[in-house]
Amino acid sequence: MAGCSYKNGYANRLRPGFTGLLTAGLLALLSGAANAAWELNLQEPVTAVARRVYHLHSLLLWVIVVIFIGVFAVVAYSIVVHRKSRGHRAASFHDNTTVELAWTIVPTLILIAIAFPATSALVDMRDTSRPDLTIKVTGYQWKWGYEYLTGDAAGVKYMSVLSTPREQIENKAPKGEHYLLEVDRPLVVPVGKKVRILTTANDVIHNWSVPAFAVKTDAVPGFLRDTWFRAEKEGTYRGQCSELCGKDHGFMPVVVEVVSEEKYAAWAAEQKQELAAAAEDPNKVWTLDELVARGEKVYTANCAACHQATGAGLPPVFPALDGSKIAKGPKQGHLGIVINGKTGTAMAAFGAQLSDTDIAAVVTYERNAWTNKLGDVIQPAEVKALRGK
Amino acid sequence: MQATSHAGYAGNHDHDSHGHPTGWKRWVTTTNHKDIGTMYLWFSFAMFLVGGAMSLILRAELFAPGLQYVSPEFYNQMLTLHALIMVFGAIMPAFVGFANWMIPMMIGASDMAFARMNNWSFWLLPPAAILLSASIFVPGGAPGTGWTLYPPLSIQMGMGMDMAIFAVHILGMSSIMGSINIVTTILNLRTPGMTLMKMPLFCWTWLVTAFLLIASMPILAGAVTMLLTDRHFGTSFFSAAGGGDPVLFQHIFWFFGHPEVYIIALPAFGVVSHVIPAFSRKPLFGYASMVYAIAAIGLISFFVWAHHMYVTGIPLTGQLYFMYATMLIAVPTGVKVFNWVTTMWRGSLSFETPMLFALGFLVLFTIGGLTGLVLAMTAVDIQLQDTYYVVAHFHYVMVAGALFSAYAGLYFWLPKWTGHMYNEGLGKLHFWLSMIFFNIAFFPQHFLGLAGMPRRIPDYAQQFADFNVISSIGAFGFGFSQLLVLVVVIQAVKGGAKAPSRPWDGAHGLEWTVPSPAPYHTFEDPPVFNQAEAHG
């Protein structure tokens, strides 16, 4: 990956030139070597399945290169030798059963030969049985939710959101090394363990993909799909949502941190402690300032992508909250939309994603931010009472 | 024979020119296959420019990482409209235009079987194009779902989605009527002596294509109608909450969508099967096996749809079946390529613009076909699904396959249509610019896809920056090179060297027995068909 800043990267980019590129391309293709700046091949595999896919692709690449060269050597010979301008007279043959049978049967045999490794790699890829650890991955517009179902971290559950600052995307700041491929909280898994991933989605179809693991599975709302990987090497592996899921489809990366078993156990314990500490008293009475401060964080993480930090939205698809009828109307209506969403629009139901306190905080924030100075205070208990209605 | 038929329609031409309207009324009311073919071709070129401009918006945004020119939601709208307009507005009407112009002249018919319906088939297209394009300006904008219109994302869209749905309905009606017309014309109006197995190959490809259209367009219409009722009338075909399944849409869509690939590719094969023999001065090799290959491809195209859905969670057995079925398509496709290559072998080759485009087609389509073989392998496809590798693959098949062969046909038949030879120098320049810039634009996308760059994203990580710059430069070069063809065509329409009735010495077929430009009415009496004009 290019580790340079945006400006340097841009300057370097034009340097190699086309001849250089072609030479580099041919050399790298022939030697199978990966060039860091001009990546020409699949990412370096870190699971057994990904390695099989890598080799299967290499095999196929050779097969198609040989076929291509074979066919177009004949064409090139014709073009050079059988030219009218060189006085070549046309033959008149137009059928030959032997040849025609041969070029039907030989490709069929080649295909059958390829089918064997292709089948066994696939069978391996789909075998999700006997996992050491199961994690549920939920796609949201536009972030990932991770929930550990088994193992040391069972019960741990959090959201993983793009952490690249807005200024970098808008070209107001130099781009970082992992521009668009970094998140606030990556998925953490132990090295060498078979991790089964269950995917689903909250709103539209997403796709959870990590090229280094050869994992790419749709997350379909209302259904569960599964896939698996056993990472062989510690490190950070990055992928992206691979199914168009709306406006910020390009901005919901997948980051997986593969750590040693000890580290993983320590991480799991820490997460569980934090979870216990964060468990809040649902009957606590909050002040307006506390709620607004917390609400702003919740808003930035969950609402600002569409409704914007300024509350102005992106009308008409993503309406403004600043001065909106709902944000300035009765509390119940406002809470209802946040909890249950609005069908037929991009407004998701946040009831399942956010705690009572978070919903109370964000709605309080929305009713007091910008020009919506209503002075309303909504307590978690009110949210709890409304749920399920 | 030539002399008698000349005399025949020269008289009729005089007689007829009293009757038909002139000016704009001629074009609105025409039932003449040549007028309608011309309108299809101009319409498709206009749409090609619109769709092309949209792709340049995409490539401009992708020139560098970061968001520069457009918002992500507008980017999504552009990529959706680019695809819908190119597939339904540019490529399909272009080949229907060729079919209208050439099929009656190739089989010795005076016109299409249903001349009035033919007029309606064409005039349904502009309203559909207006609906599609105007969706940009309604609240919420055009659909931002990709041309595949997958729910639930398409359920979230604004009224632009409904406009696209109605546009698809109208386009579907147009295609179905056009196809019924073509099937009827080919099966009933061939001149005496032209048996099916002596019919020009272009007619064969269109016969199979028309059946594919008749079978697949209603399926697309059904799928989008279900979307419409899910959006507005409370049904839940594609919503799990109501007992439906979003993946059901994908099955229905691709059951249409894969035959659609061959709806675009088969007529292209037909054109190339005329151009290569003409400029090799040698009959097409393996005519019968070509016909069987076309039929086989058409048939198998209905049984491979889920190879577009390897990552949706279809069961292992399903993945295996679709992988094997997809690999099978490589066999008849290979037969076609080998036949074209052998047609050239020991021919007497010359390289006028149509032949250059046909050769360009052969090289690039083969690359697209071979990467298709890579993608057929489920395990590899899972790595490459939804990456730029797929974008590169289908542009090699669609642009290089369909567009290049459409250009081959255009330059091949332009003298017959206009009565003038086109500017060969400009034609060759057009070819070389297209060929070079196309590869600069799309070849690097294979590398981007292998390295893991997803498609349909307006912004990307820095390691993808280098190839994206190259790709954008190529796209702009390719886009602007296409304006050359407009110059060439306008020049040829206005004047130029007089074209003889058979401007290409190696070309065979009834269409070359009529004068250039082809008179308004041809073959009012069925011509005599002899072996010399058989097999294109």
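## Domain arrangement of chain A

In this predicted model, the C-alpha centres of domain 1 and domain 3 of chain A are 59 Å apart. Chain A is split into domain 1 (48-86 + 94-125), domain 2 (133-278) and domain 3 (288-387), with bounds from an automatic or database domain assignment.

Residues are numbered from 1 along each chain as its sequence is written, and chains are lettered from A and ligands numbered from 1 in the order in which they are written. Local features need pLDDT of at least 70 and side-chain atom pairs count only at pLDDT 80 or more, while totals for chains, interfaces and linings use all residues; side-chain values use heavy atoms, leaving out hydrogens and water.

## Annotated spans

An unreviewed UniProt entry annotates residues 60-80 and 101-123 of chain A as "transmembrane region". UniProt positions are given here in the numbering of the model, feature names are shortened, and annotations may be inferred rather than shown by experiment. Residues 60-80 of chain A are 100% helix and 0% strand, with end C-alpha atoms 30 Å apart. For residues 101-123 of chain A the content is also 100% helix and 0% strand, and the end C-alpha atoms lie 33 Å apart. Helices (H or I, at least four residues) and strands (E, at least two) are DSSP runs numbered from the N terminus.

## Strand β5 of chain A

Strand β5 (residues 195-201) of chain A is largely enclosed by the rest of the structure, because six of its seven residues are buried (under 20% relative accessible area; exposed is over 50%, partly exposed in between; 1.4 Å probe, protein chains only).

β5(A) pairs with strand β1 (residues 133-140) of chain A in the parallel sense over seven bridges, pairing being defined as at least two DSSP bridges between two strands. A:T199 in β5(A) stands opposite A:V137. With strand β8 (residues 225-229) of chain A, β5(A) pairs in the antiparallel sense over five bridges; A:V195 has A:F229 in β8(A) as its bridge partner.

## Backbone features in loops

The peptide bond from A:Q141 to A:W142 is cis, with omega near 0 degrees. A:W142 is in the loop between β1 and β2 (143-148) of chain A. B:P151 and B:P152 are likewise joined by a cis peptide bond, omega being about 0 degrees, and B:P152 lies in the loop between α6 (125-134) and α7 (153-156) of chain B.

B:D386, a residue other than glycine, has a positive phi near 60 degrees. B:D386 is in the loop between α14 (378-384) and α15 (388-418) of chain B and is buried, at 6% relative accessible area. B:R456 is not a glycine but has a positive phi of about 60 degrees; B:R456 is in the loop between α16 (424-451) and α17 (465-481) of chain B and counts as buried at 8% relative accessibility.
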